[in-house]
Amino acid sequence: TMRKLLLAVGRVVLSSAAIAQEQEFLRGKALADVAVGNTFYVYHPGCTDQAANLIVYFADDGKAFAKKRACQLAADRATSLNGRWTLSGGKFCLRELGDVAEQCYELVKVGENTYKRIDRTGVRTDWSMAVLKQGNPEGF
C-alpha cells in the first residue's frame, strides 16, 4: 500500500541522514587530539597482501616515526623514517618524513578506529584506509 511505501521511504531517508550525521571529520587540533600518542596503520589500495604500507607513530613531543614499505615487500624490509608533526594554520601536518617536504591531513572516520583521508575534492584514493591503534605498539 501507499502508506507502507511512504513509511519505508521515510525510514531509508532517516537512516541515510543518521549515517551522514555520524561521519566524524577530523581536522587540525581534533585530528591531533586523536593521533598524538597513537599509531596509524595505513593500507594502500591495490595491495593484496593485507599488510600496512605505512605505519606512523605521533609522539607527544612533536616527533613522528614511521615505517614505509612497498606492496608485497616483507615488513622487515620497510624503510624507517623520522619527521615532525605540526599544527600549522589550523592544519595537522607531517614534515620531513622521507622525501615529503610537508603534507597536511584531514580524515573522515568510517568505522571504529578506521579512517579515510580526505581533501577538498572528497575521499582520496591513495589510502584505502587507516587504522588507529592506541599507544606505540611498534616500539618506535
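Leaving aside neighbours within four places in sequence, which residues is Thr39 in contact with? The first legend gives the list.

The model is predicted: local features need pLDDT of at least 70, side-chain atom pairs count only at pLDDT 80 or more, and totals for chains, interfaces and linings use all residues. Residues are numbered from 1 along each chain as its sequence is written, and side-chain values use heavy atoms, with hydrogens and water left out.

**View A. Thr39 in strand β2.** Strand β2 covers residues 39-43 and includes Thr39. Helices (H or I, at least four residues) and strands (E, at least two) are DSSP runs, numbered from the N terminus. The relative accessible area of Thr39 is 0%, so Thr39 is buried. Buried stands for under 20% relative accessible area, exposed for over 50%, and partly exposed for values in between (1.4 Å probe, protein chains only). With neighbours within four places in sequence set aside, Thr39 is in contact with Ile55, Val56, Tyr57, Val131, Leu132, Lys133, Gly135, Asn136 and Pro137. Contact here means heavy atoms within 4.5 Å. At 2.8 Å, the side chain of Thr39 reaches the backbone oxygen of Gly135.

**View B. The disulfide of Cys47 and Cys71.** Two disulfides are found in a search of the whole structure; a disulfide is a pair of cysteine sulfur atoms within 2.5 Å. One of them joins Cys47 to Cys71, with an S to S distance of 1.6 Å. This pair links distant parts of the chain, 24 residues apart: Cys47 is in the loop between β2 and β3 (54-58), and Cys71 is in the loop between β4 (63-68) and β5 (79-88). The torsion about the S-S bond is about -55°, so the disulfide of Cys47 and Cys71 is left-handed. Cys47 counts as buried because its relative accessibility is 14%, whereas Cys71, at 36%, counts as partly exposed.

**View C. The disulfide of Cys93 and Cys104.** Cys93 is joined to Cys104 by a disulfide, S to S 2.0 Å. Here too the pair links distant parts of the chain, 11 residues apart, with Cys93 in strand β6 (residues 91-97) and Cys104 in strand β7 (residues 100-111). Is this disulfide left-handed or right-handed? The torsion about the S-S bond of Cys93 and Cys104 is about 90°, so the disulfide is right-handed. Cys93 has 0% relative accessibility and counts as buried, while Cys104 is partly exposed at 31%. When the bonded cysteines of the chain are numbered in sequence order, the pairing is 1-2, 3-4.

**View D. The largest nonpolar core.** A nonpolar core is a set of buried Ala, Val, Leu, Ile, Met, Phe, Trp, Tyr and Cys residues joined through side-chain atoms within 4.5 Å. The largest has 22 residues, and those with the most contacts inside it are Phe40, Phe58, Phe92 and Tyr115. At least two residues of this core come from each of α2 (28-35), β2, β3, β4, β5, β6, β7 and β10 (129-133). The largest share, four residues, is supplied by α2. Beyond its neighbours within four places in sequence, Phe40 is in contact with residues including Ala35, Leu54, Phe58, Leu107 and Tyr115. Another core, of five residues, lies apart from this one; among its residues are Tyr41, Tyr43, Ile55 and Val131.

**View E. His44 and Ser128.** His44 is in the loop between β2 and β3. Its relative accessible area is 27%, so His44 is partly exposed. His44 and Ser128 are 84 residues apart in sequence, but 5.1 Å apart in space, C-alpha to C-alpha.

Terms used:
Polar contact = N/O pair within 3.5 Å; in protein donor to acceptor, adjacent residues only side chain to side chain.
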